[in-house]
Each structure stands twice: as structure tokens, then as C-alpha cells.
Amino acid sequence: SSVACWGRNQYGQLGIGSALGSYVPVILRDISEAVTIFVGVTHTCALYAIGTVTCWGNNNYGQLGLGDTTVRTTPTAVTSISSVDALALGSSHTCALLNDTTVKCWGSNSDGQLGDGSTTDRHSPVAVPSLTSVSSIAVGNAHTCVVLTSGVAQCWGSSSIGQLGAGSLTSSTAPVTVSN
């Protein structure tokens with residue numbers, strides 16, 4: 001199988017080795033083993049069956065997880081994480097659900113969307129402390145939500161319009177349980 005991308009490419013998010021857009025699909029080299037592609041606003045990641053990840057595109061907040069803020073125009077291995085079951089990409093942050101049911105996030109953290117108890121941007125994956133038994137993950141522009149194996153939903157990050165579901169407009173740097 002192969003992967004093809006097209007469209008706007010201002011930050012190299014198509015992964016074709018340049019920042020030139022394309023109106024037609026362009027097949028990516030060296031990514032044929034990817035099982036799922038995840039797309040953010042200006043960055044993209046691929047997940048492989050063995051649980052490894054490659055990312056490319058905008059990296060102004062470290063959302064590629066490569067330890068720096070350098071833009072990448074081709075898929076680049078995120079060597080600091082493995083055993084990934086799923087990814088979720090926001091505007092400027094990325095989160096991974098690991099096969100041990102824990103979560104790691106990286107990138108912009110201005111609203112606490114990484115869930116590590118801070119508002120410090122992270123250029124490499126960091127664990128969401130005390131969060132286990134996660135069955136699924138999703139992210140928005142500046143917030144992150146998970147569903148636990150118990151069926152309970154938890155969210156963290158921006159709550160400027162109540163998107164954490166906790167009954168207030170107060171943002172949180174750590175997971176809060178969604179109100180019933």
C-alpha cells in the first residue's frame with residue numbers, strides 16, 4: 001500500500017520534501033508500511049503496525065516530538081516514543097495512546113493541553129501523570145480528551161467555551177472528569 005497527500009503545504013505537511021502545494025495526490029516515499037495517517041492543522045503523523053511513529057510539517061511548538069522546533073518536509077521518525085496504539089493531532093500539539101493504556105503528549109501547552117500539570121511547551125513526548133486505563137483519545141485545537149476503559153471521559157486544556165465538559169470555563173493542566 002502507499003500513502004498520497006495533496007493540498008496546501010506551507011509547512012511541509014504533505015511530506016513531499018518541499019513546501020510547495022499540490023493540486024493532485026503525490027505518493028510519499030519511505031512510508032508504505034504506515035497503517036494509519038493522522039492530520040493536524042499544519043502537521044501530519046503516520047503510525048506503523050509495530051507501534052512506531054513518523055511526523056512531518058510545522059514544528060513551531062515541538063508538535064513533531066523530535067526534540068526541537070525545526071520544520072520537517074519529509075516523514076521523520078519520532079525515536080523517543082514506541083508502543084503506540086493511536087495518535088491524535090491538534091492545532092499545535094500531539095498525543096499518543098500507548099499499548100499500556102497510558103498517554104504521552106508533546107507540542108504547545110499554553111492552555112495545559114499536554115496534561116502534564118504545566119503550561120510549558122514540550123518538544124518531546126511527556127507522560128500525562130496518573131492517567132491509566134485509557135481506551136481512546138481525541139484532541140481539539142487546545143484541549144485533549146480520553147475515554148477510560150471504565151467508560152468515564154476525562155479532558156484537560158482550554159475550556160474557554162466549556163469544551164472540557166466540567167461545568168465551567170476554567171482551563172485545566174491535568175485531567176478532569178467530564179460531568180454527567
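Reader: What makes C95 and C105 a disulfide?

Author: Good place to start! In this predicted model, the sulfur atoms of C95 and C105 are 2.1 Å apart. The link of C95 and C105 is right-handed, with 110° about the S-S bond.

Reader: Which parts does the pair of C95 and C105 tie together?

Author: C95 belongs to strand β8 and C105 to strand β9, so the bond ties together parts that lie 10 residues apart in sequence. Both C95 and C105 are buried.

Reader: How many disulfides does a search of the whole structure find?

Author: The search finds 3. Another of them joins C45 to C55, with an S to S distance of 2.1 Å. That link is right-handed, at 105° about the S-S bond. C45 sits in strand β4 and C55 in strand β5, so parts 10 residues apart in sequence are tied together here. C45 and C55 are both buried.

Reader: What makes C145 and C155 a disulfide?

Author: From S to S, C145 and C155 are 2.1 Å apart, and the cut-off is 2.5 Å, so the pair qualifies. The link of C145 and C155 is right-handed, with 110° about the S-S bond. Since C145 lies in strand β12 (residues 143-148) and C155 in strand β13, the pair ties together parts 10 residues apart in sequence. Both cysteines of this pair, C145 and C155, are buried.

Reader: What pattern do the disulfides of the protein follow?

Author: Counting the bonded cysteines along the chain, the pattern is 1-2, 3-4, 5-6. C5 is in no disulfide: the nearest cysteine sulfur, that of C45, is 12 Å away.

Reader: How do you know whether C5 counts as buried or exposed?

Author: Set its value against the cut-off. C5 has 13% relative accessibility, and buried means under 20%, so C5 counts as buried.

Reader: Why is T101 called partly exposed?

Author: T101 has 27% relative accessibility. You can find T101 in the loop between β8 (93-98) and β9 (103-107). Its phi is near 70°, a positive value in a residue other than glycine. Most residues other than glycine have a negative phi.

Reader: And why does S133 count as partly exposed?

Author: At 31% relative accessibility, S133 falls between the cut-offs of 20% and 50%, so the label is partly exposed. S133 is in the loop between β10 (122-127) and β11, and although S133 is not a glycine, its phi is positive, about 60°.

Reader: What makes strand β4 (residues 43-48) mostly covered?

Author: In β4, 6 of its 6 residues are buried. H43, C45 and L47 point one way, T44, A46 and Y48 point the other way, and all are buried. In a regular strand the side chains alternate between the two faces of the sheet.

Reader: How do you know that β3 (residues 34-39) and β4 pair?

Author: Count the bridges: 5 join β3 to β4, and two strands pair when there are at least two, so these two do. The strands β3 and β4 run antiparallel. F38 stands opposite C45 in β4, and a hairpin through 3 residues joins β3 to β4.

Reader: How many bridges join β4 to β5 (residues 53-57)?

Author: There are 5, and β4 and β5 run antiparallel. W56 in β5 is the bridge partner of T44. The hairpin of β4 and β5 has 4 residues between the strands, and there G51 takes a positive phi near 90°.

Reader: What makes β11 (134-139) and β14 (172-177) edge strands?

Author: The sheet is open, with 4 strands in the order β11-β12-β13-β14 and antiparallel pairing. β11 and β14 each pair on one side only. β13 and β14 are joined over 3 bridges, with G157 standing opposite S172 in β14.

Reader: Which residues have the most contacts inside the largest nonpolar core?

Author: They are V53, I81, V84, L87 and A96, in a core of 15 residues. Its largest share, 3 residues, comes from β7. Beyond its neighbours up to four places away in sequence, L87 touches residues including F38, C45, V53 and W106.

Conventions. Residues numbered from 1 in each chain as written. Predicted model: local features only at pLDDT ≥ 70, side-chain atom pairs only at ≥ 80, totals over all residues. Heavy atoms only, no water. Buried < 20%, exposed > 50% of the residue type's maximum accessible area, 1.4 Å probe, protein only. Core = buried A, V, L, I, M, F, W, Y, C linked by side-chain atoms within 4.5 Å. Contact = heavy atoms within 4.5 Å.
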